[in-house]
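Have the viewer open and follow along.

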Amino acid sequence: MSGLKKIMLAGEGGQGVQSVAAILSEAAYAAGKEVMYIPNFGVEQRGGVSIAFMQISDEVIGSPKFDDADIIVALSDRAIERVQMYVNPNTVYVYDANISDAAKAKLPAESDVAKLQEIAAHHIANTELHVRVFNVIIMGAVLGLTNIVSVDDVKKALDHKFQAKFEANPSLRDMNYTALEKGISLVG
């Protein structure tokens, strides 16, 4: 990775936005990176908009907040609205195909961002893997777009976060690893 990456993940409470940010932050920190992660969500754990502001760098991070994002991942209709002010011509903007047509109409024009990419993470989680690994697919997409840390570092962070669950059911580890790789392939 070269330089600072400003990443914004946004979705509905319950979609795992904060889990993705926490695991990526842990992986980056363990890899020796400078990390800043600020969760932003309402009092409702499900049903409210959940946003994670992350900065990952090889150098000291100067400020906890940022005005524009290098990467935006929007996972819901309301998230599309909430992230608009962080878009700039250098932003890579990823959104889930499951959002409504009305929300798609509010996406930035392709000419207004560096890249606008739709991914079918929700569909893949529901039809190919399991609904509970939707957020791990998203994590893979962020990893594939940024290369902020290695896949092995993220797998170690996943193992740490879900150690008890993985020990009780090793197939969960395999499913999460598959979801991570699937997410990377969606943006590759």
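## An exposed asparagine

Asn147 counts as exposed, because its relative accessibility is 54% and the cut-off for exposed is over 50%. Keep in mind that this is a predicted model. Asn147 sits in the loop that links α5 to α6 (151–161).

The backbone of Asn147 deserves a look too: phi is positive there, at about 50°, although the residue is not a glycine. For background, most residues other than glycine have a negative phi.

## The nonpolar cores

Which residues touch the most other members of the largest nonpolar core? They are Leu9, Leu24, Val73, Met139, Val154 and Leu158, out of 40 residues in that core. Helix α5 (residues 134–146) is the biggest contributor, supplying nine residues. As a general point, nonpolar side chains in soluble globular proteins tend to be buried together.

Beyond its neighbours within four places in sequence, Leu158 is in contact with Ile23, Val136, Met139, Phe166, Asn176 and Leu180.

## Helix α6 and its cover

Leu158 is one of the buried residues of α6, together with Asp153, Val154, Lys155 and Ala157. What lies over them? The cover on the buried residues of α6 includes α1, α5, α7 (163–168) and α8.

## A buried glutamine

Gln15 belongs to the loop between β1 (5–12) and α1 (17–30). Is Gln15 buried or exposed? Gln15 is buried, because its relative accessible area is 19% and buried means under 20%.

Leaving out neighbours within four places in sequence, Gln15 is in contact with Leu75, Ser76, Phe134 and Asn135.

## A serine in α8

Ser185 is part of helix α8 (residues 170–187). With a relative accessibility of 47%, Ser185 counts as partly exposed, since that class lies between under 20% and over 50%.

How far apart are Ser185 and Lys156 in sequence and in space? The two are 29 residues apart along the chain, and their C-alpha atoms are 20 Å apart.

Terms used:
Residues are numbered from 1 along each chain as its sequence is written. This is a predicted model: local features need pLDDT of at least 70, side-chain atom pairs count only at pLDDT 80 or more; totals for chains, interfaces and linings use all residues. Side-chain values use heavy atoms; hydrogens and water are left out. A nonpolar core is a set of buried Ala, Val, Leu, Ile, Met, Phe, Trp, Tyr and Cys residues joined through side-chain atoms within 4.5 Å. Buried means under 20% relative accessible area, exposed over 50%, partly exposed in between (1.4 Å probe, protein chains only). Helices (H or I, at least four residues) and strands (E, at least two) are DSSP runs, numbered from the N terminus. Contact means heavy atoms within 4.5 Å.
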